[in-house]
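This report describes how two protein chains meet. The sequence and the structure come first, followed by the description.

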Number of protein chains: 2
Amino acid sequence: MEHEWNANQPIYRQLRGRIVEMILDHVLEEGDPLPSVRNVAAEYRVNPLTVLKAYQQLADDNIVEKRRGLGMFVNAGARQLLFEAERQRFLAEEWPAISVTIERLGLTPADLLAASRSKEQ
Amino acid sequence: MEHEWNANQPIYRQLRGRIVEMILDHVLEEGDPLPSVRNVAAEYRVNPLTVLKAYQQLADDNIVEKRRGLGMFVNAGARQLLFEAERQRFLAEEWPAISVTIERLGLTPADLLAASRSKEQ
DNA sequence: TGTAGTGTTATAGCTATATAGAACACGACA
DNA sequence: TGTCGTGTTCTATATAGCTATAACACTACA
């Protein structure tokens with residue numbers, strides 16, 4: 001997990017996004033415990049309450065389950081749930097504006113491919 | 001210009017984005033006046049200081065020029081400046097994450113095309 | 001000179017986000 | 001029983017974003 005936060009979104013929202021990515025990318029499997037609130041707070045230099053807020057939203061969405069004294073765990077079926085939810089959200093809320101931006105800026109598939117590859121290095 | 005703000009970004013930043021789009025799309029030509037601070041504030045139900053903040057950033061970036069008592073005007077060369085700046089910013093800051101998301105969600109060009117077209121209706 | 005537009009500055013208050021530190025409650029284990 | 005992990009709650013402070021309202025300064029025009 002990257003260590004840096006940007007200023008475009010609240011930290012708790014970026015953190016939630018990263019947990020979502022870890023689940024979708026099989027870094028976290030169903031049944032796995034999430035990194036503890038204290039560990040994440042210490043490692044990424046944020047307030048435990050900020051971490052808790054991110055985790056709380058995941059619990060509200062039925063992605064994780066909190067077990068007091070034990071930790072938080074990825075729910076069964078969480079990946080499928082996220083996959084479908086993120087897909088719909090991306091197609092409905094993000095892609096339309098991205099598509100318009102790509103056209104407006106005259107970006108070709110070659111431009112986009114080159115930009116994707118240069119970042120992989 | 002759309003009338004609704006989302007909660008993902010501060011209003012002043014969304015407003016700045018819309019002015020940028022209007023310039024890139026030739027809705028605003030170089031030399032044109034921007035809608036006045038009061039007009040935008042009234043029409044979109046935001047505080048004049050919020051509008052001013054968006055406009056101030058455009059002035060800081062040499063996109064517009066403020067003329068007290070007269071209005072704000074799109075600078076000569078602003079479109080080219082924006083076009084290049086937005087292109088670079090999009091390719092460097094936005095596209096890499098978008099690309100990863102598209103791959104992660106298993107979205108095909110057909111999925112994306114369908115989503116673009118359904119929004120056009 | 002007065003009016004009607006423009007930008008600009010000031011004061012004040014509220015909400016959201018984030019921080020800091022501490023302590024409480026639970027569960028597993030030695 | 002005590003320890004060490006976990007989640008959870010509490011109090012307090014600071015900053016950013018946004019709101020509301022008002023007034024000041026500039027410009028063009030009748």
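## Polar contacts and salt bridges

Across the interface of chain A and chain B, 14 residue pairs are in polar contact, with both members of each pair at pLDDT 80 or more. The model is a predicted one. Between chain A and chain B, six salt bridges are counted. In a salt bridge of 3.2 Å, N to O, the side chain of Arg87(A) meets that of Asp111(B).

## Elements and residue classes

On the side of chain A that touches chain B, at least two residues each come from helix 1 (11-24), helix 4 (78-104) and helix 5 (109-120) of chain A. Helix 4 of chain A gives the most to this side, namely 13 residues. Sorted by class, the side of chain A that touches chain B holds 14 nonpolar, eight charged and five polar residues.

## Extent of the interface

In total, 27 residues of chain A are in contact with 27 residues of chain B. About 2,500 Å² is buried between chain A and chain B, and carbon and sulfur atoms give 63% of this area. Within chain A, the residues that lose the most area to chain B are Trp95(A), Arg104(A) and Leu105(A), which together account for 25% of what that side buries.

## Relation of the two copies

Chain A is superposed on chain B by a rotation of 180 degrees with 0.1 Å of shift along its axis, at an RMSD of 0.1 Å. The two copies are therefore related as by a two-fold rotation axis. Among the residues of chain A, Gln9(A) comes closest to the rotation axis, with its C-alpha at 3.6 Å.

Of the interface residues of chain A, 100% are also interface residues in chain B, so the copies meet through the same surface.

Key: Residues are numbered from 1 along each chain as its sequence is written. Chains are lettered from A and ligands numbered from 1 in the order in which they are written. This is a predicted model: local features need pLDDT of at least 70, side-chain atom pairs count only at pLDDT 80 or more; totals for chains, interfaces and linings use all residues. Side-chain values use heavy atoms; hydrogens and water are left out. Contact means heavy atoms within 4.5 Å. Buried area is the accessible area (1.4 Å probe) that two parts lose on being put together, summed over both. A salt bridge is a side-chain nitrogen of Lys or Arg within 4 Å of a carboxyl oxygen of Asp or Glu. A polar contact is a pair of N or O atoms within 3.5 Å; within protein, one must be able to donate a hydrogen and the other to accept it, and residues adjacent in sequence count only if both atoms are side-chain atoms. Helices (H or I, at least four residues) and strands (E, at least two) are DSSP runs, numbered from the N terminus. Ala, Val, Leu, Ile, Met, Phe, Trp, Tyr, Cys and Pro count as nonpolar, Asp, Glu, Lys and Arg as charged, and the others, Gly among them, as polar. Copies are superposed by least squares on the C-alpha atoms of residues with pLDDT of at least 70 in both.
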